[in-house]
Amino acid sequence: GLLGAWVTVWSWGAVSQWQNHANRLHLSPTQTETLRVVGMQMAKPTNRSLGGAKMYVDWPAQGGLHTVLIEDVTEALLREPRYLSLALAPGRSHGWYVLGWSVPGADTKGQP
């Protein structure tokens, strides 16, 4: 019984990882949204992330406040812009992914 439970748990984890990977395959931006920046916080590097600027944006069409982590922090981001344009792509089964960003009125573009 214990071996069966162990196999079930690991199988469930493997399927979950595969679904997460398949959700992000071959994404292409389908829309660009200019969203209001509510706040910004600098994130320190960790074992799982390079750190960067954690931007809190208001996206009313998707239920309100969302967080976007931008790893390549630029001077335009450090000035805490009022708006941020995001190139968005829907996941295959769920969620939205940011494929690019820019600060309106500045010549700053980049990848999240």
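Predicted model: local features only at pLDDT ≥ 70, side-chain atom pairs only at ≥ 80, totals over all residues.
**Entry 1**

Residues are numbered from 1 along each chain as its sequence is written, and side-chain values use heavy atoms, with hydrogens and water left out.

I then turned to the largest nonpolar core, which has 16 residues. Such a core is a set of buried Ala, Val, Leu, Ile, Met, Phe, Trp, Tyr and Cys residues joined through side-chain atoms within 4.5 Å. I use buried for under 20% relative accessible area, exposed for over 50%, and partly exposed for values in between (1.4 Å probe, protein chains only). Met55, Ile70, Leu77, Leu84, Leu86 and Trp101 have the most contacts inside the core. The elements giving two or more residues to this core are β1, β2, β3 (64-70), α2 (75-78) and β4 (83-90). Of these, β2 gives the most, with 4 residues. Helices (H or I, at least four residues) and strands (E, at least two) are DSSP runs, numbered from the N terminus.

**Entry 1: Salt bridges**

How many salt bridges does the structure hold? I found 2, taking as a salt bridge a side-chain nitrogen of Lys or Arg within 4 Å of a carboxyl oxygen of Asp or Glu.

Arg36 pairs with Asp58, with the closest N and O atoms 3.4 Å apart. Arg36 lies in strand β1 (residues 31-43) and Asp58 in strand β2 (residues 52-59), so the pair ties together parts that are 22 residues apart in sequence. Arg36 is partly exposed, at a relative accessible area of 41%, and Asp58 is partly exposed at 21%.

Arg79 forms a salt bridge with Glu75, at 2.6 Å from N to O. I recorded both Arg79 and Glu75 as exposed.

**Entry 2: Positive phi**

I checked backbone angles next, given that most residues other than glycine have a negative phi. His26 has a phi near 55 degrees, a positive value in a residue other than glycine. His26 lies in the loop between α1 (2-23) and β1, and is exposed, with a relative accessible area of 69%.

Glu80 also has a positive phi, near 50 degrees. I placed Glu80 in the loop between α2 and β4; Glu80 is partly exposed, with a relative accessible area of 49%.
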